[in-house]
Amino acid sequence: MAPEAPVTATLPAPIYGAWMMHTEGRMPRRKSYEAKIDFLQILDENGKLDARLAKDTLTDEQVVASYEQMWICREYDETAFKLQRSGRMGTYPQNKGQEAAAIGSALAMKKGADWLVPCYRENAALFMHGLPMHYILLHWMGDERGNQVPEGVNQTPISIPIGTHMLHATGIAWAMKLRGDEDSAVITYFGDGATSEGDFHGAMNFASTLQVPCVFMCQNNQWAISVPRSEQMRSPTVAQKAIAYEMPTIQVDGNDIFAVYKAVKDARDRAVDGGGPSFIEAVTYRLGDHTTADDARRYRDQAELDSWLEKDPIIRIRKYLESKDLWSEKDQKKLGERAKKIVAEVVKTAEGIEDPTTDDIFNYTFAGLCDELETQRETLRTNSLGQFPEQAGLRGRAERV
Ligand SMILES: Cc1ncc(C[n+]2csc(CCOP(=O)(O)OP(=O)(O)O)c2C)c(N)n1
Ligand SMILES: [Mg+2]
């Protein structure tokens, strides 16, 4: 039987050449597959817009509102950092520098219809789709109530295990397809490092094979804790990993809100039209440490950080707005004050909530408790930590387990 596809792959010269050494003159030279990765930028580093590419993307009003959101989220991020440093909160991963990727993508998804399946570095997207801002602080304060996403807000709790949530995203999108939902899709966020996980490949393979409405949104911030992208993978782009799953894939300037919006909007449109999943690599940079438990100065060059500080998405969008007379010093002053007030209020709400009980450890993870977990909960209530269960009359139960 004739093969369905020709047999020679188009590979970069060194890889292709290795094969040709053995096959030249004997094997048919046909292409079995050819691919390229596009890179999309619409707003450049100096705040200059390509008006042709920007057509049908964001209105002036949306850009102003996005800038305000980015600013408020940066204020939130810096405040969260200080809360940790002053002992009022646990570990926190700063989102600093990735605000355009979060907001541009969230704007392109449909609030109330779509589902967001996040990692931990896209707070702005979650807020935009209705998560009360104090929830993220509660999470990092170790309060399980921060993970109890309110009814009607279509998002899963932030995922600290790297990669596991992408499987959930594929599953949710598959459910949408099986139910025949007509105008909904899923977006899942993850980092460059996450694409080395088996769960990533499982999620991508199922999503592609089942053609589910899912947008895979990789925030390539160049680092996975202290591992640079170049040591994390050999491929020059992350986007090309999607080619193995026959997904439409693109690399975008992740600090350019227009490019991110356009790529995600196209991917969502395709998903709801039955075109299956897509992959987007947003090229961005982690301007902060990995988390507050990290000190990136130990492994990262200051010069590299400095070069990315110049590409800060907030500075870029402000330059653009000022060039179009859509933003003034006065607007900035007002926004600065508003952001401080909003964030102070959020901190007050998070810190003002009554202390959680030990029961909360069990309250938000399982629909029901099995015997063993119930025993653990009861034991914790006695404060005996299980060493002396007879103190609380739990001997019978403990023996049963
Ligand atoms: C399954 C799993 N393995 C390891 C870790 C420890 N860990 C936390 S963050 C991280 C790096 C993730 O890098 P990346 O996916 O690029 O996301 P970023 O933090 O850069 O946003 C690792 C290895 C984890 N949380 N979960
Ligand atoms: Mg990363």
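## Exercises on a ligand shell and a helix

By class, the shell around ligand 1 holds eight nonpolar, four polar and three charged residues. Nonpolar here covers Ala, Val, Leu, Ile, Met, Phe, Trp, Tyr, Cys and Pro; charged covers Asp, Glu, Lys and Arg; the others, Gly among them, are polar. This is a predicted model: local features need pLDDT of at least 70, side-chain atom pairs pLDDT 80 or more, while totals for chains, interfaces and linings use all residues. Residues are numbered from 1 along each chain as its sequence is written, and side-chain values use heavy atoms, without hydrogens and water.

**Exercise 1.** Find the residues that come nearest to ligand 1, then list polar contacts (N or O pairs within 3.5 Å).

*Solution.* 
- Step 1. Take the 15 residues around the ligand (a heavy atom within 4 Å). Y120, R121, G193, A194 and W223 come nearest.
- Step 2. Check the backbone. A polar backbone atom of G193 is 2.8 Å from a ligand oxygen. A backbone N or O atom of I162 lies 3.0 Å from a ligand nitrogen.
- Step 3. Check side chains. An N or O atom of the H290 side chain is 3.4 Å from a ligand oxygen.
- Step 4. Alone, ligand 1 exposes 580 Å², and the protein buries 71% of that (Shrake-Rupley, 1.4 Å probe).

**Exercise 2.** Describe helix α13 and its packing.

*Solution.* 
- Step 1. Helix α13 (a DSSP run of H or I, at least four residues) spans residues 329–352.
- Step 2. List its buried residues (under 20% relative accessible area): Q332, L335, A339, V343, V346, V347 and A350.
- Step 3. Find their partners (heavy atoms within 4.5 Å). They pack against α3, α6 and α12.

Terms used. Chains are lettered from A and ligands numbered from 1 in the order in which they are written. Helices (H or I, at least four residues) and strands (E, at least two) are DSSP runs, numbered from the N terminus. The expected span of a helix is 1.5 Å times one less than its number of residues. Buried means under 20% relative accessible area, exposed over 50%, partly exposed in between (1.4 Å probe, protein chains only). A polar contact is a pair of N or O atoms within 3.5 Å; within protein, one must be able to donate a hydrogen and the other to accept it, and residues adjacent in sequence count only if both atoms are side-chain atoms.
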